[in-house]
Amino acid sequence: MKNEKVLFFLSLLYCFLFINYESYGQLKGTVQGKVSSEGEALPYANVIILGTSYGASTDAEGYYKISGIPVGTYKIQARYIGFEAKEVTVEIKANKITEINFSLVPTVLEGMEVITITGQAKGQVEAINQQLNSNTIVNVVSKTKIEELPDANAAESVGRLPGVSIIRSGGEGNMVSIRGLEPKFNLITVNGVRIPSTENENRSVDLSMFSVNMLDGIELTKAITPDRDADAVGGIIDFKVNRVQQGLDRKIQVQQGYNGHSKTFYPFKINGAISNRYFDNSVGAYLYLNYEQVDRSAHQFTGNYDVQGTPLPGEEFVKNLTVTNFSLRDVRSKVKRVGATLNLDYLLSNGSIMLMNIFSYLNNDKITYYDGYNVSNVNHTYRLMHDNYDLSLLTNSFVFDYDLQWIKSEVKLSHSVSQRDNPTDYYVEFQENSAFSGDWAEHIYDGPAILQRYARNNLTETGLNTLVKQPSENLERNITGEINLTLPFNLGDAIYGKVKTGSKFRYTNKNANSNYYRSNPGIADSYDPTKGIAGVINAYPDRTFPMTSNGLIQMRPFWDSTFSISSFMNNKYNFGYALNKDIIEELYRRVSNNSYYYSPRGDINDNTVYERIYAGYLMSVINLGSNIMILPGVRYEKELSHYKGAYVIYEDTGLRANESSRRDSLQIRKNENWFPMLHLRFKASSWFDVRLAFTKTIIRPDYQYLVPKYFENSLGLSVIRGNPQLKPAIARNLDLSLAFHSNVIGLFTVSAFYKEIENMFYTISRPIISKDDALNLGLTSDKNGFTLTDPINNTSKAFIRGIEFDLQTRLWYLPGLLNGIVLSLNYTTMNSITYYPRTLLLQERLTTPPWFRITRIDTSRKGRMLDQPNDVLNLSLGYDYKNFSGRISLLYQGNTLSRIGSRPELDGFTKDLLRFDLSLKQNLNEHIQLFFNLNNFTNSADVSTEPVKGFETSASYYDWTADLGVRYTF
């Protein structure tokens, strides 16, 4: 900490030495303008004044501005990969703005005709130039490229970038891992405005709520600068929504889809946008609306296993893996998305005012038919589960920027709120005891598929067991204010740059409320004779139910005789009986709320969070000539937070939970950190750049880890608690990127990264072996014999390293029809080391009473990080010819650690995934475009297995989808 503060003050002194070193007698001027091609803006073009360090990049609308240039005559050059560079002589006059516009033409070889860059090539060129002109290490998906991709949502589009792997649900990406780090370690923003978490337990964001059609680009920053929030260890995904360009622009897109899994034409999408500028182009307005239906149905499997003993000498795992339980699920999920964007901006003479408003809404109505086998308890359960939740996001922001030439100011105010409501989450369960026949016990080592053959499937002995309702709601609100000041400076022609400083305040309020109601018709309730089985019978006064031999309501009147699945998971399993959806929903409606008991287990996820982050930073961008850029800086963040959880002591008999006490538990949390950072960029030649970055970042613990909750089950002998004193994890990151670029090469980059993370946090369960042990763990002495589950900081550091290769090129220089080929290829290989907490019990024999002694050893085991694949490959081979554009893309994602077991043998690893997509587009004229998308046409599935015998721990089969649509621009 001391060294970091010293570095801060040295940086402060260093930066202001440049500010104060001004040649006051020197007169200066400004040059500005637009870079375009055939009237169309070229965003992120490079504009430099030759022979000096002065330069700038164009913005998303193609405009540039270079201030503080000493008076004189110069040559100014505009460069853009894919186009011929152009030079113009300019005379800079004192205190005057000189306007120079550039019109560039595409690069051609001698004797070739000029090739118009359209379709995929245009999107690729835009992304290349934006990436090259960044001061840090970024990857880009341009607006044009987004329109060319057949992606279902924003998560799928981000997943095409190097170092990114997709986490899917029902075949559709909803979160991403960046450089092998879990989604909660990344930051999601829209035009720099932070998006609140959509999850209850952690800080991750569900990206499936963002339609790609509402975006003007995606920028992934992998090495942050001091003016960005520090809690982005993986990176920052910024969804771009830009200012309105001149001229009336109207678009509408309609597409109809087909889902190969459910064999329905349910998928449908319609969206439209209109924009224009008014009052001499000073006021711009943009409106976007979209409505979408998606089918996310799937066949799913989940398996759990157990193992005893220790590995034999020379072996890594114990081989006697046994099946404890497994389940089959037929998921029928219908998703609806609604989105709206309204942006307004007002252009001032030296600045602008922008108002951004984004609304996104998602509804997921999911019915799950569940067929479960509990081998340990020898029972077979059938469930019908209904989960219907709403996920909404509202973001409002105000941005005011003003440029006085000698200083540029920016003020940002934003409000964003995400809400997840799940009022309808219930399941009804029927259970068959003694559910296996024959010599089934001899096959517990042979896997779930073999054991399923021994199920009795006797509906007359399958009785109504449980009715559960578990509604929940989660809301997170962010209010942010920040101010940024930028001061340009120069030391003659050789040194030119800027100093940037600012401060920020972010207030987060999070409220999560979960409830759990249970009725047990499988047990006659001695506490209340109107509940339990009587509560169900009383709900049907007009009928009599057949009963099982042990007095339960039989499943037979509730099953669906028309239900059948011809090929469940490629015939690996037989999905047998299923409950009738309409009959079960009637049961759910009929059973009175008085028949349910409220269980305190729902309170375990309740929390209220008030989190305040105060931040300040200082940084400088120093250009030494036109080839070297240095960006030193430091950021300071202070956290002051209040957390509220529930303190509950209760008894859970399995029939009902008797709550003996409940109160709120409050805790204040404070911490502060300094984040020094340094970026270097060296243009070794006109075709080769080197970037190097050192950054320090932070990972704030999950909300559920920090909440001061306490749950004691006196009959279950367990305690679950939070840890408000948990330290944040700190990451030190080193990045190196080599970029090779030219009109022929396009862009080829090689990037290496290394991250060292200390104080990683995990949850550990520990048996309490004595009264003294209980006291040492902060519990009362009577908790001897309980099991304590709580989060802790890991004393061992975690490491992750990897290399990314990225090629973006078009073969425009080949003869004939071959010059329409467009190629994008990226490959990432990575590995990580972390340590997962583990508790061992050692029993020592004694020669006197009590004859043995148990010692608990809290240790850890080495593994790789969750969600970290070893390899990720994206390949896209496209072709543009006149008004036609086609693309076939491949995604290969190597195995990842999907879940952590209590032992290495019980870990789950995803299998390698190989997926293909196809996209075809045809412009009929300048207004109408037809397109066809075929996704996952090889029917790849998401499968995880354990490492000993390769038994599946989870699997999801969701088949292929297709879309046919039309886009109309007028």
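Strands, loops and cores in a predicted model

Four bridges join strand E34 (residues 710–713) to E35, and the two run antiparallel. The model is predicted.

Me: In the hairpin of E34 and E35, which residue takes a positive phi?
Reply: The hairpin has four residues between its strands. Most residues other than glycine have a negative phi. In this hairpin the residue with a positive phi, near 55°, is Leu-717.

Me: What is the bridge partner of Asn-713 in E35?
Reply: E34 covers residues 710–713 and is joined to E35 by four bridges. In E35, the partner of Asn-713 is Ser-718.

Me: Which residues make up the uncovered face of strand E35?
Reply: In a regular strand the side chains alternate between the two faces of the sheet. Strand E35 spans residues 718–721, and its covered face holds Val-719 and Arg-721. The uncovered face is Ser-718 and Ile-720.

Me: Which residue in E7 is the bridge partner of Tyr-74?
Reply: Strand E6 (residues 72–79) pairs with E7 over seven bridges, in the antiparallel sense. In E7, the partner of Tyr-74 is Val-90.

Me: Is Lys-263 buried or exposed?
Reply: Lys-263 lies in the loop between strand E17 (249–259) and strand E18 (268–278). Its phi is near 55°, a positive value in a residue other than glycine. The relative accessible area of Lys-263 is 59%, and the cut-off for exposed is over 50%. Lys-263 is therefore exposed.

Me: What is the phi of Phe-279?
Reply: Phe-279 lies in the loop between E18 and strand E19 (283–295). At 66% relative accessibility, Phe-279 counts as exposed. Although Phe-279 is not a glycine, its phi is positive, at about 55°.

Me: How far apart are the C-alpha atoms of Leu-344 and Leu-287?
Reply: Leu-344 is in strand E21 (residues 322–347), and its relative accessibility of 34% makes it partly exposed. Leaving aside neighbours within four places in sequence, Leu-344 is in contact with residues including Gly-284 and Ala-285. Leu-344 and Leu-287 are 57 residues apart along the chain. Their C-alpha atoms are separated by 9.0 Å.

Me: Which residues touch the most other members of the largest nonpolar core?
Reply: In soluble globular proteins, nonpolar side chains tend to be buried together. The largest nonpolar core here has 54 residues. A second, separate core of 37 residues includes Phe-210, Ile-218, Ala-273 and Leu-362. In the largest core, the residues touching the most other members are Ile-584 and Leu-587.

Conventions
Residues are numbered from 1 along each chain as its sequence is written. This is a predicted model: local features need pLDDT of at least 70, side-chain atom pairs count only at pLDDT 80 or more; totals for chains, interfaces and linings use all residues. Side-chain values use heavy atoms; hydrogens and water are left out. Buried means under 20% relative accessible area, exposed over 50%, partly exposed in between (1.4 Å probe, protein chains only). Contact means heavy atoms within 4.5 Å. A nonpolar core is a set of buried Ala, Val, Leu, Ile, Met, Phe, Trp, Tyr and Cys residues joined through side-chain atoms within 4.5 Å. Two strands pair if DSSP finds at least two bridges between them.
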